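Thanks for coming. I have one structure to show today, and I will keep to what can be read from it.

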Amino acid sequence: MRSLHERSRAVVTPALPRWSDTEVVSGRGVYLTLADGRELLDFSAGIATANTGHCHPKVVEAAHRQIDQLIHACIHVSWYPTYVQLAEKLAELVPPLGMAFFGNSGAEAIEAALKLARYSTQRPGIIAFQGAFHGRTLGAASVTAKSALRRRYEPLLPAVYHVPYPWCFRCSYGQRRESCHLECFQALERLLETVVSPDETAAILIEPILGEAGYHVAPDDFLTRLRALCDRYGILLMVDEIQSGMGRTGRMFAWQHVPGFTPDVMTLAKGLASGFPLGAVLARPEVMARWEPGAHGSTFGGNPVSCAAALATLEVLEQEKLVRQAALVGEYLHHELDTLMAEAPIIGDVRGRGLMLAAEFVQPDGRPDPGMLKAVTGRCIDRGLLVIGGGLYANVLRVIPPLIVSMEQARAGMTILSDVVRGLQAEVA
Ligand SMILES: Cc1ncc(COP(=O)(O)O)c(C=O)c1O
């Protein structure tokens, strides 16, 4: 029988990037069952999305119940309970960001946030960061800054400006974190002095942990200074928590690691509804209030089933204390990855928070080693562990299991990963 991969060649666009050609038929908890009957321990969670695990019974039940009752109504036609209940629940969770808009995906949430920023401030400028990934629609691609994702799509949205992300491994200024002067922040200040004036700047959009570019954690003091700068000039501070949110980093949202920090706008998607399509923009009510009726909308956005799944997801995160679980298991995995790096120089850096962890593979001279990452992920899959890569240079391993992962399952995954890395290290030594 021909594989799905072979059949797809004739009928599925080749544009989709892929991390593996595994064929999955079902999922339960932290395990996926493949078409050939093999079971994989899933440390990819459908790219940081199946935070409550695959097919969590409470999420499944809530979705089934909603499907039996009402699949679609359209929020522009009728109010229905789950949309408003979810907005209420999220407002309870993050009181300063008390008003919501729901779309269907991360990119749609970003589109909405960009429109909200321009509309509510009546300023055109948007500042984003080099290495950022905010999605594939044209607005989201305009704030995304990896040239391969922008190539052949220019001209993109005007009045979008990019500054260096505060990544410390391969610092854009050749500095070391212990002794740097946040030169990356100075670059942002210089941009406002020389290119786009603050009163023409609607928003600064940042991922508190840079996702697709390799899980770089923005230093706390960078985010604190960013907050002060936005306050000084009335610029909206928008955080993209699409990948880092919903408990993944050991806090409900990654910005909550930073003392005293609160954004003005936040985007969510991925883990919000445990895999059902849902994106959200949460904003301070006084910002959202300036978005007038008719200025934005969506037929499917916040559909009853996705909202029901999101409500169940929030309940599961709370009842099963999954945010704390992410912090605890994440600490163990981070320590194990650090230990592995100490004995395997093919790993140049380990970083992340909670269960949003990364190991960066490097050549002996420190240059990125995407070939090594490919070998690691391929061999892990052969041994029963599904892991995927990422990073600006496709050389970063992501460790992002569902948050329900037990310590025992984490140990089992780590044993496979360590064996594979040690084996590859021995081959290059
Ligand atoms: C930080 C971030 N923003 C936005 C997106 C886009 O989300 P989607 O693929 O749902 O459009 C992603 C997806 O990986 C992401 O990681």
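I will go through the domains, then the sheet, then the ligand.

Please keep in mind that this is a predicted model.

Let me start with the overall division. The domain assignment gives two parts: domain 1, made of 4–55 + 321–428, and domain 2, which covers 57–319. Taken over C-alpha atoms, the centres of domain 1 and domain 2 are 25 Å apart. Where they meet, 28 residues of domain 1 are in contact with 30 residues of domain 2.

Which elements supply the side of domain 1 that touches domain 2? Helix H2 (45–48), helix H12 (322–343) and the strands S13 (347–353), S14 (356–361) and S17 (396–399) each supply at least two residues there. H12 gives the most, with five residues. By class, that side of domain 1 has 14 nonpolar, nine polar and five charged residues.

Now to the sheet. Seven strands form an open sheet with mixed pairing, in the order S4-S12-S11-S10-S7-S5-S6. Its edges are strand S4 (99–103) and strand S6 (160–163), each of which pairs on one side only. On average, and ignoring direction, neighbouring strands of this sheet are turned by 20° against each other. Helix H5 packs on the sheet and touches S4, S5, S7, S10 (236–240), S11 (265–268) and S12 (279–283). The direction of H5 makes about 30° with that of S12.

As a reminder, strands of a sheet pair through backbone hydrogen bonds, either parallel or antiparallel. Both kinds come up here, and I will take the parallel pairs to begin with.

Strand S5 (residues 125–129) and strand S7 (residues 201–206) run parallel and are joined by three bridges. In this pair, Gly125 stands opposite Thr201 in S7, and Ile126 has Ala203 of S7 as its bridge partner. S7 also pairs with S10 in the parallel sense, over four bridges. Here Ile204 stands opposite Leu237 in S10. Is S7 mostly covered or mostly open? S7 is mostly covered, with six of its six residues buried.

The antiparallel pairs involve S12. S4 and S12 run antiparallel and are joined by five bridges, and Phe102 has Ala280 in S12 as its bridge partner. S11 and S12 are antiparallel too, with four bridges between them. In that pair, Leu268 stands opposite Ala280.

What about burial in S12? Five of its five residues are buried. In a regular strand, side chains alternate between the two faces of the sheet. For S12, Gly279, Val281 and Ala283 lie on one side, Ala280 and Leu282 lie on the other, and all of them are buried. Both faces of S12 are covered.

Last, the ligand. Which of the 15 residues around the ligand come nearest? They are Gly106, Ala107, Gly135, Ile242 and Gln243. Helix H5 (residues 106–121) gives the most to this shell, with three residues. The shell divides into six nonpolar, six polar and three charged residues.

That is everything I have; the structure is still on screen if anyone wants to look.

Notes
Residues are numbered from 1 along each chain as its sequence is written. This is a predicted model: local features need pLDDT of at least 70, side-chain atom pairs count only at pLDDT 80 or more; totals for chains, interfaces and linings use all residues. A residue is near a molecule or strand if its C-beta atom, placed from the backbone, lies within 6 Å of it. Ala, Val, Leu, Ile, Met, Phe, Trp, Tyr, Cys and Pro count as nonpolar, Asp, Glu, Lys and Arg as charged, and the others, Gly among them, as polar. Two strands pair if DSSP finds at least two bridges between them. Axes are lines fitted to C-alpha atoms, for helices over the stretch in contact, and angles run from 0 to 180 degrees between N-to-C directions. Two residues are in contact if their C-beta atoms, placed from the backbone, lie within 7 Å. A residue is buried if 20 or more other C-beta atoms lie within 10 Å of its own, exposed if 12 or fewer, and partly exposed in between; C-beta atoms are placed from the backbone. Domain bounds come from an automatic or database domain assignment.
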